[in-house]
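Let's take a friendly walk through charges and contacts in a protein model. Keep the structure open beside you as you read.

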Amino acid sequence: MRFKNKVVLVTGSSRGIGKATALAFAREGASIIVNCDKEIAVVDAVVKEIKDMGVDAIAIQADVADESDVQRMLEETIKHFGGIDILVNNAGIVFDVPILEKTVEQWERTLKVNLIGTFLCIKYTVPHMKDRLGASIVNISSTNGIDSISPESADYDTSKAGVISLTKNFAQSLAPHIRVNTVAPGWIDTDINKDLPKDYVEGETAQIALKRFGRPEEIAKAVLFLCSEDANFITGSTLVVDGGYQ
Ligand SMILES: NC(=O)c1ccc[n+]([C@@H]2O[C@H](COP(=O)([O-])OP(=O)(O)OC[C@H]3O[C@@H](n4cnc5c(N)ncnc54)[C@H](OP(=O)(O)O)[C@@H]3O)[C@@H](O)[C@H]2O)c1
């Protein structure tokens, strides 16, 4: 029970990596704020699954790209739990469109959700985290933010590179009280990849040393490690979890 009595907010936790992370923290004794933008009914089911484990959980609909939504999410969190120990900035979107066909609206939405949303959640969480021992933030980037491989996701790759930069800056400014790290997943089997063409998936899988996409639970394990006491001397780092992609 590494996170007994800790309060954890995971953005975008209705499904995929966020849901797996929320469930993994709950299994280790944490109380959870489950968040999404659209799928509130799905989030209620995740809350029920967590409560069935014997820990507390609440659902909060909030668009992380909307400053007033983020403020309200933190107000509701503090009203219910009184503070917050761990923030996982996981909410993310991608529009796979040829680079020259990308619109300003797609660029703006991608940067607002993936990058500015991460900034806003940190900005409004930190005041409620400062006096909590072992407070920690993990931002979910992507290997695309380190080594951009697809012009069709140029806006996404830019946002994820920004997340790594943001992490390093916050790690410096929030030390020594709050550690801030990044997990950079490679290909993970979730809804975000469900429309990729079969032959493209096969080609990408061939480039992964372990010859498969990762599972959301395998990213959750990396997040929990970075938030645990085992990572007490790690801040500003990026942990790549990609099965050995070349
Ligand atoms: N899967 C991969 O291969 C992979 C690889 C590298 C990095 N990542 C990153 O990992 C994170 C999770 O991805 P995933 O694969 O689990 O994606 P997913 O299955 O599509 O889930 C995305 C989650 O984010 C939520 N969300 C989207 N926009 C939001 C917003 N504006 N405000 C609040 N919540 C929002 C979604 O809920 P609603 O739809 O209800 O809003 C959903 O819960 C993302 O940041 C993604 O970029 C994924």
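A salt bridge here is a side-chain nitrogen of Lys or Arg within 4 Å of a carboxyl oxygen of Asp or Glu. The model you are looking at is predicted, and by this rule it holds 14 salt bridges.

**Salt bridges**

Here are three of these pairs, with the distance from N to O.

| Pair | N to O distance |
|---|---|
| D37 and R109 | 3.6 Å |
| D63 and R109 | 3.2 Å |
| E202 and K198 | 3.2 Å |

Start with the salt bridge between D37 and R109. D37 sits in the loop between β2 (31-36) and α2 (40-51), while R109 belongs to helix α4 (residues 104-125), so the pair ties together parts that are 72 residues apart in sequence. D37 is partly exposed, at 29% relative accessibility, and R109 is partly exposed with a relative accessible area of 29%.

R109 also meets D63 in a salt bridge. Because D63 lies in the loop between β3 (57-61) and α3 (67-81) and R109 in helix α4, this pair ties together parts that are 46 residues apart in sequence. D63 is buried, with a relative accessible area of 15%.

How far apart in helix α6 are E202 and K198? They are four residues apart in that helix (residues 198-206), so about one helical turn separates them. E202 is partly exposed at 47% relative accessible area, whereas K198 is exposed at 65%.

Salt bridges can also join up: R15, E39 and D191 are linked in a network of them.

**A negative patch and its surroundings**

Which residues gather in a patch of negative charge on the surface? They are D96, E101, E152 and D195. E152 is placed in the loop between β5 (136-140) and α5 (154-174), and E152 is partly exposed, with a relative accessible area of 38%.

Now step along to S153, in the loop between β5 and α5. Is S153 buried or exposed? S153 is buried, with a relative accessible area of 3%. Leaving aside neighbours within four places in sequence, S153 is in contact with V94, D96, K102 and N144. One of these, D96, is a member of the negative patch.

A154 is found in helix α5 and counts as buried, at 13% relative accessibility. Beyond its neighbours within four places in sequence, A154 is in contact with I99, K102 and W107. The C-alpha atoms of A154 and V97 are separated by 9.0 Å, although these residues are 57 residues apart along the chain.

Notes
Residues are numbered from 1 along each chain as its sequence is written. This is a predicted model: local features need pLDDT of at least 70, side-chain atom pairs count only at pLDDT 80 or more; totals for chains, interfaces and linings use all residues. Side-chain values use heavy atoms; hydrogens and water are left out. Patches are made of residues with over 30% relative accessible area and no salt bridge: like charges are joined within 9 Å, nonpolar side chains (Val, Leu, Ile, Met, Phe, Trp, Tyr) within 5 Å. Accessible areas come from the Shrake-Rupley method with a 1.4 Å probe; for residues, only the protein chains shown count as cover. Lys and Arg count as positive and Asp and Glu as negative; His and the chain ends are not counted. The place of a charge is taken as NZ of Lys, CZ of Arg, CG of Asp or CD of Glu. Helices (H or I, at least four residues) and strands (E, at least two) are DSSP runs, numbered from the N terminus. Buried means under 20% relative accessible area, exposed over 50%, partly exposed in between (1.4 Å probe, protein chains only). Contact means heavy atoms within 4.5 Å.
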